[in-house]
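Please look at the model below before reading on.

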Amino acid sequence: MAVNLKTLTHNEDLLSGGHRACAGCTGANILRQVMLTAGPDTVVGSATGCMEVVTTIFPYTAWKTSFIHSAFENAAATISGAETAYRALKKRGELPVEREKINFIAFGGDGGTYDIGLQSLSGAMERGHNMLYVCYDNEAYMNTGIQRSGATPLGAHTSTAPAGTVKQGKEQNRKDLTSIMVAHNIPYVAQTTPFHWKDLATKVEKALAVDGPAFLNVLMPCPVGWHFDTAIGQDLAREAVECNFWPLFEVENGVYTINKKPKEPTPVADWMKKQGRFKHVFKPGNEHLLEASQQFVDAQWEKLLKLEAMTNS
Amino acid sequence: MEQKLVALSGNEAVAYAFKQAHPHVASAFPITPQTEMMHKYAEFVANGETDTEIILVESEHSAMSAAVGSAAAGARTFTATSSAGFALMWEIVYITASLRLPICMALVNRALSGNINIHCDHSDSMGGRDAGWIQLFSENAQEAYDNAVMAWRIGEHKDVRLPVMVTYDGFIISHTADALRMLPDDVAYKFIGDYKPGYALLDVENPITVGPLDLTDYYFEHKADQIAAYAKAAEVVQSVSEEYGALTGRTYEFCEEYKLDDAEMVMVILGSSAGTAKDVIDEYRAKGVKVGLLKVRMFRPFPAAYIAEKLAGRKAVAVLDRSASFGGFGGPVFTEVRSAMYGRQVPVRGYIYGLGGRDFDLGQVAKVIEDLQKVAAGGKVEDVNLLGVRS
Ligand SMILES: Cc1ncc(C[n+]2csc(CCOP(=O)(O)OP(=O)(O)O)c2C)c(N)n1
Ligand code: SF4
Ligand SMILES: [Mg+2]
């Protein structure tokens, strides 16, 4: 599939400006990029969270497509209902407008996806709905004030697992949700970032083309929760890939492809250093946290390489 | 028009009624005693008797959520549950009404946990009484069927657009074979009509945003609109019921009256227990005791003025609740009725009975009637009483 910048930029921007995302938020980039590829014949659902809140403050909406928000933990179930309605109405020739295809996309933050919405997501994927679920992963519950989530990395400072005098931020590693989604044996699962626009657009295109459910996990640097200068969000997305913290890969019918293999991965500490949420990790006495972070990233990467080799042999 | 006389359980009767509405989508998760209703419906689908798409979700929370997505997309949609399943849906039960989605639900009444208990009481429906759904209670399979046919017309009415819950007592109605008359499919569908949603997500040419963030500047106005909708809903329940009565010969109002005209004392009750109460009322009538019954069919919207009118001038009223409102002043029906009777100078007493499926027997009704006579004669009976429980 060939995604071309020129064609993409000629597509209608389906998320209008004027939404209330913070300066430097990379979330709106994700929404816009996904929608540029998906196009107007799309029904969008969203979990409660930053992206829903900043795009739909009544009486305004940034969405130029059909959009539904119902609750925090049920974006997947809600969109699975809309997708089923589509099939049911189509079967009877009762659709309000005839379209060759309508896309069904659910967006959820890491909280709404890794944690409270995991059951709803798992059910929808297992049932095989023709839908794409996009997790925008900013690695904490940002909308409610930066609380830790299952996606928060080891050592990160959050409001509920803060760095203090005896505790040093989150004490656990992040959950590997992408693998959990792969274990659902759905036709398409991938990871990407908003910096890698071509990769992202290609993956959205592939995800929407498959017959059945697809899942995209998109890393989303958040200046407010990660504490970085608003200018460098996209750089942090790029660097997360360069240090193997967030590999770009896809799993098509069980077959892994790593889309980018850094020749010489940068130390994960370099990436962490640019984020205030890890400031304490660099203090004397916390070297073990840095080591553990690097070890975790290395182990995950090794595993990924093996999975790629194994599924391609 | 011929209405076939059939023997069906309440669950089967409601499954038939829903099938006759030709819904596009159903989503549900199993819980006793609702299970058989969905088994029956799944059989219809498996045998090609209907082409409803059933979403076999992984929880009731998702059942309600998928139903919201489906209805917002523009499809006629139903779900069914009981007890803990309904409790798990709770957050989305409110959202359904607030989004004005006319989903129908069969709520097969069962006690809430804990301790876990699979038998009938009304604590599940009562827990959802403020969620914004129209609630229609049924005394037997016939009423459950009739309510389940009318529910679509009521909820989907363009001036209503609210979800409707048809409730019937777990096991007592859901699992007991009963004789009832059913409309022919074509007649039922003609009565119900095609679904015409006001807005639909699937109308991608006219995109809408559903469920936005609604803050201090607008939320209250939206709630005011919603509050106003229930008066309209009551009118529509009335008119649809009249039309249904003309079609079937079975007339329904907000409440059913039994030997009420000259009654000095009245029992107010919901659901299957009305049958038991009627029998004992007959015995007392035979002895010359002027007692009657008011069976509440529509609990939401609560027909306060209508009920107050029916109960005005009586010497004593007993309200029977098959659920407790823990820490509250009596059960929910008692609270509402007593409040509706404010300033009417009619003594109203409350009884909580039948929790967790405890048999509601003739002796309990007799006890209430004895109490009513005492109150009517100026004697003392507590405001709120427990019935049929060991001390
Ligand atoms: C059932 C429920 N629990 C809690 C909340 C409060 N809540 C709203 S959004 C949110 C966090 C969202 O986090 P995430 O999904 O990561 O999205 P983000 O805000 O980071 O974009 C929380 C805890 C809620 N709305 N509903
Ligand atoms: S808090 Fe973070 S995720 Fe939320 S809008 Fe602001 S920058 Fe974006
Ligand atoms: Mg988040």
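**Spaces inside and the shape of chain B**

The second largest cavity has a volume of about 80 Å³. A cavity is a set of points on a 1 Å grid over the protein atoms alone where a 1.4 Å probe fits but cannot get out, and lining residues have an atom within 4 Å of a point. Grid points are joined across faces, edges and corners, and a volume is the space filled by probe spheres set on the points.

This is a predicted model, in which local features need pLDDT of at least 70 and side-chain atom pairs count only at pLDDT 80 or more, while totals for chains, interfaces and linings use all residues. Residues are numbered from 1 along each chain as its sequence is written, chains are lettered from A and ligands numbered from 1 in the order in which they are written, and side-chain values use heavy atoms, with hydrogens and water left out.

Among the residues lining the second largest cavity are A:P153, A:R174, A:W271 and A:F296. The largest cavity has a volume of about 240 Å³. Its lining has 17 residues, and A:D176, A:Q191, A:F245, A:P247 and A:Q300 lie nearest its centre.

Turn now to chain B. Its C-alpha trace spans about 70 × 55 × 45 Å along the principal axes. Of its 391 residues, 59% count as buried, meaning under 20% relative accessible area with a 1.4 Å probe, protein chains only. Of the contacts in chain B (heavy atoms within 4.5 Å) between residues at least 6 apart in sequence, 81% join residues at least 24 apart.

Technical notes:
1 Å grid on protein atoms, 1.4 Å probe; cavity = no way out; pocket = protein on both sides within 12 Å on 5 of 7 lines; lining within 4 Å. Buried < 20%, exposed > 50% of the residue type's maximum accessible area, 1.4 Å probe, protein only.
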